[in-house]
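Trainee: Could we go through this structure together, one topic at a time? I would like each answer to finish on the value or name that I ask for.

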Amino acid sequence: MSEQSRRDLAQLLLPVIRWTPERGFAEARPLIDQALALGVGGFQLVGGEQDSVRALAKELQLKSRHPLLIAAELERGAGQQFASATGLPPLAAITALGDIESLRRAARLTAREARTMGVNWNLGPVCDLDMLTENPLIGSRALGNDARKVGQLVTAWIEACQAEGVLACAKHFPGIARVTTDPHRELPVVDTPADQLKELDLHPFRAAISGGVASMMTAHVSYPALDSSREPATLSREMLQWLLRQQLKFDNLLVSDALTLAAVTATRTPAEAAVLALRAGCDVLLDPGELEAALSALETALDDGTLDPERVRQSVRRRLKWAQWASPPNDWRRPSGADTAWGALLADKVLRLEHEPIPPMGVVTEMAIVDDDDDVIGRRADRTGIVDAMRLAGNDARIVSAPTPASGGPFVIALFADYLPGKGRHTLRDDTVAAVKSLIEQAEALQRTVVLVGLGDPRWVTQLGMTHPTILAWSGDRVMQQAAGRGLLRTKR
């Protein structure tokens, strides 16, 4: 194995750097130093403050021997990952407005804020259709269920994002619309006939390719109709080389989904999955586990002929091409004050009211938090945004465990429930439903009206089957909590 071959293989690895509230990026420092020494081709950033992210991205680029891809999952604006950046509603909420220009503007704002922090690759948009309520992953992340309309929206999002110099990423090829299990827990199998998959599920990806999307992410899902080996798409030469590269003519960057997920590691190590993913057609390998183990496995595979040297060279060229494309020019546009103000107003605009009217709040507003997501590893713990927004507006909002005589106004129940990675459910827990019903009974015993606030995909609230005045806020992100708080106060006494 030559030193050049080792350097080439290292460029195809993309480790994940995680920020913690207690220590920032300090805990990731050993990984960062190791990755830079090996010569990886980029990083995915998860969490952080804007200034610390900007400083880290600059450091990484300066210390690297080659231009890096700095990625982040920013489906809901830069604020989805980075504190003090602008958070945006989920894609489904924006598209529900029926205004494609709002979608374009959201993509532009996200890209401008990302670029300002040194993030040059947005791992979005989701091109998967919203077909099944039983799907534990998609929900409000999707742009809709009409394949042709979603194709148009995907193209608009990609063009707006990449016009700002940030790579977009169409995911998750060939589509996870029909899964009913979570790849974070096990390998999903989609038994849909190939003609249906090609007509519907693949349509948004074809549109993305026509729109010049810079990159695409593979699905950790098995499609027996597309590959009889039943391997997940990430590890399938049939789906990546024949279907995607040959038939659909996609010649840009192909990234695996995280190689540490159970869907690909149940019967193999992440290092073994890295070899199979590269052999199948992936160019860069996201979250490949222990870096030295992954690199050693790739070296061995190249030496023994498992990996074709030309296959590796293709991936090295593609990665470098797009890292250079994203190299920041000196005069790049920054988000304006009007951009960020529009982003803040968008969250208020997408709120949906059901079973109106929303009664006026009392001087003191009591609110109970019911969290159906509190057992999900990695969820955002912040559950105070809604009361913080109300207090900022002058209302004495309080989080309580049950209604009390301290307030005669409406009693608010804020339900956090959404489709989240690793949750593996599409229905509310029994104890969640019981908690909501108990709080309603207690409020009615005090002759208090009840207002529900749904902080997540609206379908979770509708599972309660209740007709109380309801604000649907689409997600539990802080930006949507704050919008919901303002929404509760719009009705004056």
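Mentor: Before we start, contact here means heavy atoms within 4.5 Å. This is a predicted model, in which local features need pLDDT of at least 70 and side-chain atom pairs count only at pLDDT 80 or more, whereas totals for chains, interfaces and linings use all residues. Residues are numbered from 1 along each chain as its sequence is written, and side-chain values use heavy atoms, with hydrogens and water left out.

Trainee: Which residues is tryptophan 325 in contact with, leaving aside its neighbours within four places in sequence?

Mentor: Tryptophan 325 belongs to helix α13, residues 309-325, where helices (H or I, at least four residues) and strands (E, at least two) are DSSP runs numbered from the N terminus. Once neighbours within four places in sequence are set aside, the contacts of tryptophan 325 are Gln162, Gly165, Val166 and Leu167.

Trainee: Is serine 140 buried or exposed?

Mentor: Serine 140 sits in the loop between β5 (121-122) and α6 (147-162), and, not counting residues up to four places away in sequence, it touches Pro90, Leu91, Ala92, Asp418, Asp457, Arg459 and Trp474. Buried means under 20% relative accessible area, exposed over 50%, and partly exposed in between, with a 1.4 Å probe and protein chains only. Because its relative accessible area is 5%, serine 140 is buried.

Trainee: How many residues apart in sequence are the parts that glutamate 75 and lysine 171 tie together?

Mentor: Glutamate 75 forms a salt bridge with lysine 171, with the closest N and O atoms 2.8 Å apart; the term requires a side-chain nitrogen of Lys or Arg within 4 Å of a carboxyl oxygen of Asp or Glu. Glutamate 75 lies in the loop between β4 (69-72) and α4 (91-95) and lysine 171 in strand β6 (residues 169-173), so the parts that this pair ties together are separated in sequence by 96 residues.

Trainee: Which residue does arginine 448 meet in a salt bridge?

Mentor: Arginine 448 is in the loop between α16 (430-445) and β14 (450-455), and its partner is in strand β11 (residues 364-371), 82 residues apart. Both residues of the pair are buried. The side chains meet at 3.2 Å, N to O, and the partner is glutamate 366.

Trainee: Which strands stand at the edges of the open sheet of four strands, each with a single partner strand?

Mentor: Two strands pair if DSSP finds at least two bridges between them, and the open sheet has the order β2-β3-β4-β5, with parallel pairing. One side of each edge strand is left without a neighbour in the sheet, because each has a single partner strand, and these strands are β2 (16-18) and β5.

Trainee: What is the volume of the largest cavity?

Mentor: On a 1 Å grid over the protein atoms alone, a cavity is a set of points where a 1.4 Å probe fits but cannot get out, and lining residues have an atom within 4 Å of a point. The structure holds one cavity of 30 Å³ or more, and the lining of the largest cavity includes Leu74, Glu75 and Trp157. Grid points are joined across faces, edges and corners, and a volume is the space filled by probe spheres set on the points. For the largest cavity, that volume is about 40 Å³.

Methods: 1 Å grid on protein atoms, 1.4 Å probe; cavity = no way out; pocket = protein on both sides within 12 Å on 5 of 7 lines; lining within 4 Å.
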